[in-house]
Amino acid sequence: MKPSSAKNIFIGLAWPYANGSLHLGHVSAFMGADIIARYYRLKGDNVLFVSGSDCYGTPIAVEADERGISPAEIADKYHAEFKETLINGMGFSCDIYTRTTTEHHARVVQGLFLELHKKGFLYTKKEKALYSPFLKRFLPDRFVEGTCPKCGFGEARGDQCDQCGSLLDPLELKNPRINPKILTHRGKLTDADVQLETRQSEQFYLKLSALERDLENFVSTKSGLWRVNASSFAKGFLKQGLNDRAITRDTDWGVPIPIAGYEDKKIYVWFEALAGYLSASKLWAEEKGQSEEWKDFWHNDEAIHYYVHGKDNIPFHTIIWPAILLAEGKLHTPDRIISSEYLNLEGKQFSKSRAWAVWLPDFLANFEAETLRYFLVMNGPESSDANFVWSEYSNLVNGELIGTFGNLVNRVLTFGKDKFPDGLNFPTALNKESKELLLLAGETFSSAGRLIEDGKFRAAFRAVLNIAENGNRFVNKSEPWHKIKDETKKGEVEDELAVMVHLIRVLAVLINPFLPRTSEKIHGFLGLGTKELKWAYPEPNKLQKIISASPLFKKIEDEQIDKQLSGLKDALRSHT
RNA sequence: GCCGAUGUAGUUCAAUGGUAGAACGAGGGACUCAUAAGCCCUAGACAAAGGUCCGAUUCCUUUCAUCGGCACCA
């Protein structure tokens, strides 16, 4: 039973694109969503945490052509991998993790499309675009190269010349061709094969210009609760004035346009994948057998909508998606935007083509997910680009997570279990130190909770670890291993140890949003379940037994780190 | 090119118009319940140059360095 004051919290986690494995950079941007979801659930609020795989688009279609398989095979493969690594591996507690290739999604997207069309926010316009007779498809700019009209450089990209730096319209390129980098599986191609031609094409446009005032109003009222990178981008973007955008494409791999005469075109990802937040919400409700329940989140002014993603997704979540929602008119617009900066790897950007990456499946095969959750909270790109450094990962995990936190749990529980196998009686009166320690722990629920709500995960977890440090000091000062030898002090030892054990229980609640499996493990040691867990100071049990105790995490060995580093060195050698 | 961000101890990150905090790493110490973990102590930093101000790491300008966006790439 939810309290009557329960809030409806919607959390939209950016949908990863299903054309390659996720790397740690993606995960660093995603982590916050799960922390927020778990936190609000513990608070007793109604949480709807949705995500899914973004499966459509020309890059996947071209890649499929290259490998001689269907786009669906690629999408299926990575969708399955995302689900495995994010949900099972990282422990993300999504209420639904779906994908854009479902019929349900297509129906919702088409419904939204028709609604905006009816309201006059969509119109068609003909424009020229580059077409490949060989691939039988129109190509996005970055798949095109040609001779720069300004400097004559022969390998200018469709959008920019790397030699003279000019911004280009791909239609200006002389001798436009398919960028050979995208055709890797075909052997030699003739000049004729790679030639592109200009063709007329008609597309639907979203009338952003008509929504300009609404968007300005939206940004100025709501951006106070966004991360700074999102609010400053949105403001700067609006200052430049809004141009209408095409929201359909000439492709065969996407959601069909629900209007006759456009069978060879599809709705573009900007409209289509973003609408996944809504379609997933509706699917969640349907699968639950409460098909109207999505409205608690979307047709409810009191709901709070969080969006969590990397900074590359800021335009879509601060401008495009709000524009679609405002045009629709009844749906709830974003409230809090938790947009991360980038995570670099050993000082360099993650790069698929240069093989400079740590892939999530590889990582999970070699290291514990909980240690990654910890590291990305403590060292994630919250306010500026951050760096994943292997030695740093190992130092922090071994030194702080294991040394400070894990060791506290282990030293107290093993000692307590050994000396008081029948359990510990919680003292009827607390001494000054014990009172202060437990008071500090109790206060952390509100201070850390506030920080989580604001997306300041590092500071929140730091506050939690601070309690563990105090716990270690308390144990050192108390020296139960001395006192226990003195029969007259046995009562004192039991009192202090009971306080310590209870502190560990409090810690196990506080870390739950960050390290859910560790939290469960500790509760298990104490013979407690986590089903009824609340984000509040738990009342101490009169008699607390310790069922079992063992180290919470495995230490990271130097050899494991060396192996990862030498793998990266190999990548560097073969790609320079 | 235009726009924007960043540049803080060996490393990874904080904070702030008034003498810069933390963690890891380094050095030293007392202890031993604990995954040689924990605790105490010590050393160590505001990219460079100007400007505004009683006073700037914090605001402004310039330089250098790194990075991102610049719309059909997610």
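Q290 has 11 C-beta neighbours inside 10 Å, so Q290 counts as exposed. Welcome to this structure, which is a predicted model.

**The surface near RNA strand B**

- RNA strand B is surrounded by 54 residues, and the closest are P140, N395, G403, N407 and P551.
- Helix 14 gives the most to the surface near RNA strand B, namely 14 residues.
- Sorted by class, the surface near RNA strand B holds 21 polar, 18 nonpolar and 15 charged residues.

**Helix 19 and its surroundings**

- Helix 19 covers residues 516–525, and its residues P516, T518, S519, I522 and F525 are buried.
- What do the buried residues of helix 19 pack against? Their partners are helix 1 (24–43), helix 13 (369–378), helix 14 (390–419) and helix 18 (490–510).
- R517 also lies in helix 19. With 14 C-beta neighbours inside 10 Å, R517 counts as partly exposed, because a buried residue needs 20 or more and an exposed one has 12 or fewer.
- Leaving aside residues up to four places away in sequence, R517 touches G91 and E370.
- R517 and G91 are 426 residues apart in sequence, while their C-alpha atoms are 8.2 Å apart in space.
- After helix 19 comes G527, whose phi is positive, near 70°.

- F514 sits in the loop between helix 18 and helix 19.
- Is F514 buried or exposed? There are 26 other C-beta atoms within 10 Å, so F514 is buried.
- Not counting residues up to four places away in sequence, F514 touches I35, R373, Y374, V377 and F461.
- F514 and K545 are 31 residues apart in sequence, and their C-alpha atoms are 25 Å apart in space.

**Helix 4 with helix 9**

- Helix 4 (residues 103–118) and helix 9 (residues 276–288) pack at an angle of about 125°, and their axes are 9 Å apart.
- That angle makes helix 4 oblique to helix 9.
- The crossing of these two helices, helix 4 and helix 9, is right-handed.
- On the helix 4 side, the contact is made by H104, H105, V108 and V109, and on the helix 9 side by G276, L278, S279, K282 and L283.
- The residues of this contact between helix 4 and helix 9 comprise four nonpolar, four polar and one charged.

**Helix 2 with helix 3**

- Helix 2 (residues 58–67) packs against helix 3 (residues 71–89) at an angle of about 110°, with 8 Å between their axes.
- How is helix 2 placed relative to helix 3? The angle makes helix 2 roughly perpendicular to helix 3.
- The crossing of helix 2 and helix 3 is right-handed.
- I60, A61, E63 and A64 of helix 2 meet P71, E73, I74 and A75 of helix 3.
- By class, the contact of helix 2 with helix 3 has six nonpolar and two charged residues, with no polar ones.

**Other residues to look up**

- Q290, the exposed residue from the opening, is placed in the loop between helix 9 and helix 10 (295–298).
- Q290 and E469 are 179 residues apart in sequence and 46 Å apart in space, C-alpha to C-alpha.
- E479 is found in the loop between helix 16 and helix 17 (480–483).
- Phi of E479 is near 45°, a positive value in a residue other than glycine.
- E479 has 11 C-beta neighbours inside 10 Å and therefore counts as exposed.
- L238 belongs to helix 7 (residues 228–239), and with 17 C-beta neighbours inside 10 Å L238 counts as partly exposed.
- Apart from residues up to four places away in sequence, L238 touches L215, E216 and V219.
- L238 and A303 are 65 residues apart in sequence, and their C-alpha atoms are 26 Å apart in space.

Key. Residues numbered from 1 in each chain as written. Chains lettered and ligands numbered in written order. Predicted model: local features only at pLDDT ≥ 70, side-chain atom pairs only at ≥ 80, totals over all residues. Helix = DSSP H or I, 4+ residues; strand = E, 2+ residues; numbered from the N terminus. Contact = placed C-beta atoms within 7 Å. Near = placed C-beta within 6 Å. Nonpolar A, V, L, I, M, F, W, Y, C, P; charged D, E, K, R; others polar. Axes fitted to C-alpha atoms, helices over the stretch in contact; angles between N-to-C directions. Parallel < 35°, antiparallel > 145°, perpendicular 65-115°, else oblique. Left-handed = near helix turned anticlockwise from the far one by under 90°.
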